[in-house]
Amino acid sequence: MAATLASLGLAGLDRKGPAPRPDMVISGLCADSRETRPGFLFAALKGALDGAEFAQYAVRMGASAVLTSAEGAERARADIGDWPVPFLIDENPRRRLALAAAAFYGAQPETLLAVTGTNGKTSVASFARQIFAALGRRAASFGTVGVEGAVTKPLAMTTPEPITLHRLLAELADAGVTHAVMEASSHGLAQHRLDGARLSGGAFTNLSRDHLDYHADFESYLAAKLRLFSELLPEGAPAVLNADDSTYHQAARAAKRQEIIPFGRDREAARGLRLIEARFDAAGQELDLEWRGAPRRVRLGLIGGFQGLNAMAAAALVIGAGEAPDRVFEAMNRLTGVRGRMEHVATRANGAAIYVDYSHTPGGLSTALAALRLHTPGRLIVVFGAGGDRDRGKRPEMGRAACEGSDAVIVTDDNPRGEDPASIRASIRAACPNAIEIGDRAEAILTGVDALSPDDRLLIAGKGHETGQTVAGVTHPFDDAEQARASVAALDGEDEA
Ligand SMILES: CC(=O)N[C@H]1[C@@H](OP(=O)(O)OP(=O)(O)OC[C@H]2O[C@@H](n3ccc(=O)[nH]c3=O)[C@H](O)[C@@H]2O)O[C@H](CO)[C@@H](O)[C@@H]1O[C@H](C)C(=O)N[C@@H](C)C(=O)N[C@H](CCC(=O)O)C(=O)O
Ligand SMILES: Nc1ncnc2c1ncn2[C@@H]1O[C@H](COP(=O)(O)OP(=O)(O)OP(=O)(O)O)[C@@H](O)[C@H]1O
Ligand SMILES: N[C@H](CCC[C@H](N)C(=O)O)C(=O)O
Ligand SMILES: [Mg+2]
């Protein structure tokens, strides 16, 4: 695979250093100097570090050209002396790299949908992919849990950086995938990771507190998410918006060029997909819906009202992408849950059920507890922690959510990373003083499982599908579901999940 500056859309940019030779071939792209190979274009991007500092190494390793900002080029000249290769200047090199990566890899699935929002992205992406597959489409979804569907493989990030993203999209297209659904994280949107993707529709699930370590404030967090509609989706594309969310009207303004499909309980959803009534039982829920005013009934084998709303967002997205509503609602009946999202992982011999859920925000935790409450005749117990090197302000809020939503709280560790685990636990307990504190997560889970009477339920929150516990730079194997089953086996002699 190779390209020219012109085919990458880079020929017209301002430049420092020598003019590129007319026959110059770009053999690859990279944004990390350590990945440079001869003939590559190196994108020097400013983040916590300044990529321009590494331009000298990229050039030494054979980069044919460098894409950067005007300041980046000056910075590199200070290190290297004169510019030895063409330095192409753009005021937004991250966005320019995304467009170049799209041009370099070329192909992508014909239908590509993106889901954003604080909670529910992975679930909506999975459900939409499952519906497409049920309708006979070759479909894939990708994000936090990797690539799933017609292609499966792990991914390091929820929204891959643009080079990885476009390599993946081309790979999916090569594998015959025609329908793909991706997660658009706020980091991904703010960093223009998906600016080169040709999107055919988008969904916004909800907004609540998260990632305020990265975004300056709540407004800029919302603005990053809304870029999906205001800047990325083409005119007339379906924009599926949560009519029940407090940000609905702001989202609708951002999506004014698109065809808005609202979903939710609110009256506003009457012109889209409206929830009239949900009935919950041990195995799932039955939903009475209206699609553009016409009644529909579906049965979901999923626990939690929020999963019902996620399934509705997915259905609206798939209908918006052109599928027949009758077939979509029929397919909804066969949706299966997503790993680590309100997953029933084990049952005690006395009948008490244990669930693993990926709620790692105050909003996620209260939603998950409220959802399980409907399935809990006795006490609801929760085991959870909060990640290190992440938004500190959410810790007491998570403590409060746990305290208010459950009958007993066990605070433990969840990827303390570089921070002191005891001080993370202390800031959670500041808002939940009655919580029991057990740092070791395996022991915390064992204690929670041991406490269960027949009518009780246990929620193990925060890690979902994760398979490691990261402490001081080292990731130790750890799996909440496995640990729950091991605890049941230790206490009851067998697992009856
Ligand atoms: C905070 C954040 O999002 N950082 C992302 C950002 O890094 P950065 O620009 O700050 O990188 P940096 O370390 O300052 O380096 C600047 C530049 O110098 C380059 N460099 C660096 C060292 C070197 O020797 N040579 C070199 O060229 C780097 O490759 C980079 O291009 O751009 C990088 C390249 O695109 C990303 O890999 C990196 O994601 C890091 C790994 C990360 O952990 N991101 C998380 C927070 C994230 O994005 N998460 C969301 C999901 C969140 C959720 O759960 O909702 C996701 O989409 O995964
Ligand atoms: N619609 C929703 N409303 C509120 N909470 C939800 C909703 N959907 C999911 N959650 C909660 O958020 C958790 C994560 O769900 P999911 O993985 O689908 O979200 P996500 O947006 O992909 O998260 P991440 O940002 O970590 O990738 C779930 O385990 C559940 O507790
Ligand atoms: N992907 C998100 C969620 C992590 C969930 C939790 N297990 C944690 O480690 O904080 C993040 O990196 O912020
Ligand atoms: Mg996700």
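For sorting residues I count Ala, Val, Leu, Ile, Met, Phe, Trp, Tyr, Cys and Pro as nonpolar, Asp, Glu, Lys and Arg as charged, and the others, Gly among them, as polar. The model is predicted, so I take local features at pLDDT of at least 70 and side-chain atom pairs at pLDDT 80 or more, while totals for chains, interfaces and linings use all residues. Residues are numbered from 1 along each chain as its sequence is written, with chains lettered from A and ligands numbered from 1 in the order in which they are written.

Ligand 3. I listed the residues around it (C-beta atom, placed from the backbone, within 6 Å) and found His-360, Gly-387, Arg-390, Asp-414, Asn-415, Gly-462, Lys-463 and Glu-466. This shell divides into four polar, four charged and no nonpolar residues.

Sheet. I took helices (H or I, at least four residues) and strands (E, at least two) as DSSP runs numbered from the N terminus, and called two strands paired where DSSP finds at least two bridges between them. An open sheet of 10 strands runs S8-S7-S9-S6-S10-S11-S12-S13-S14-S15, with mixed pairing. S8 (146-149) and S15 (294-300) are the edge strands, each with a single partner, so one side of each has no neighbour in the sheet. Within this sheet, S7 (residues 139-143) pairs with S9 (residues 179-183) in the parallel sense over four bridges, and Ser-141 stands opposite Val-181 in S9.

Helix H5. Just after H5, Gly-176 takes a positive phi of about 85°.
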